[in-house]
Amino acid sequence: FAMVEVMVTSLMDAWGKNLLYFFKRKEIVVLLICFIAFILGIPNITQGGIYVFQLMDHYTAVVSLMFLAFFEVVAICWFYGVRRLSANYKEMLGAPPNLFFKLCWWVASPLLVT
């Protein structure tokens, strides 16, 4: 249910008026999303379904999650900056972070994610 609601909300936020103009009701959009998910899930119940599942699992979960985590750490620690992150930390907790955390944010985290 939650994944369908995420898709519906995302589509309605992006193209709500156009979708409602074409489909007339939100329930039809939900039905369409459920139907598409059903069609995309059919290969998983065939005899070769476990192989299809393993391909999807490896290439959608493992590889992309590593890239996402790496670029998130780089964006926060290097582009946003350790100084600003430390200032935010101090603003929230009242005390600045120690040197260990600053070094982890700057060097260790990007290296360990890769």
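Phe35 sits in helix H2, where a helix means a DSSP run of H or I at least four residues long, a strand is a run of E of at least two, and numbering starts at the N terminus. Bear in mind that this is a predicted model: local features need pLDDT of at least 70, side-chain atom pairs count only at pLDDT 80 or more, and totals for chains, interfaces and linings use all residues. Residues are numbered from 1 along each chain as its sequence is written, and side-chain values use heavy atoms, with hydrogens and water left out.

Phe35 also belongs to a nonpolar surface patch of about 800 Å², together with Leu32, Ile36, Phe38, Ile39, Leu40, Ile42 and Ile45. To join such a patch, a residue needs over 30% relative accessible area and no salt bridge, and nonpolar side chains (Val, Leu, Ile, Met, Phe, Trp, Tyr) are linked within 5 Å, while like charges are linked within 9 Å. The areas are Shrake-Rupley values with a 1.4 Å probe, and only the protein chains shown count as cover.

Speaking of salt bridges (a Lys or Arg side-chain nitrogen within 4 Å of an Asp or Glu carboxyl oxygen), the whole structure has one. Arg25 pairs with Glu27 in a salt bridge, their closest N and O atoms 3.4 Å apart.

Now zoom out. The protein has five helices and zero strands, giving the pattern α-α-α-α-α along the sequence. Its radius of gyration is 22 Å, well over the 13 Å that the globule rule gives for 114 residues, so the protein is more spread out than a compact globule. That radius is taken over C-alpha atoms, and the rule is 2.2 Å times the number of residues to the power 0.38. Along its principal axes, the C-alpha trace spans about 55 × 40 × 20 Å.
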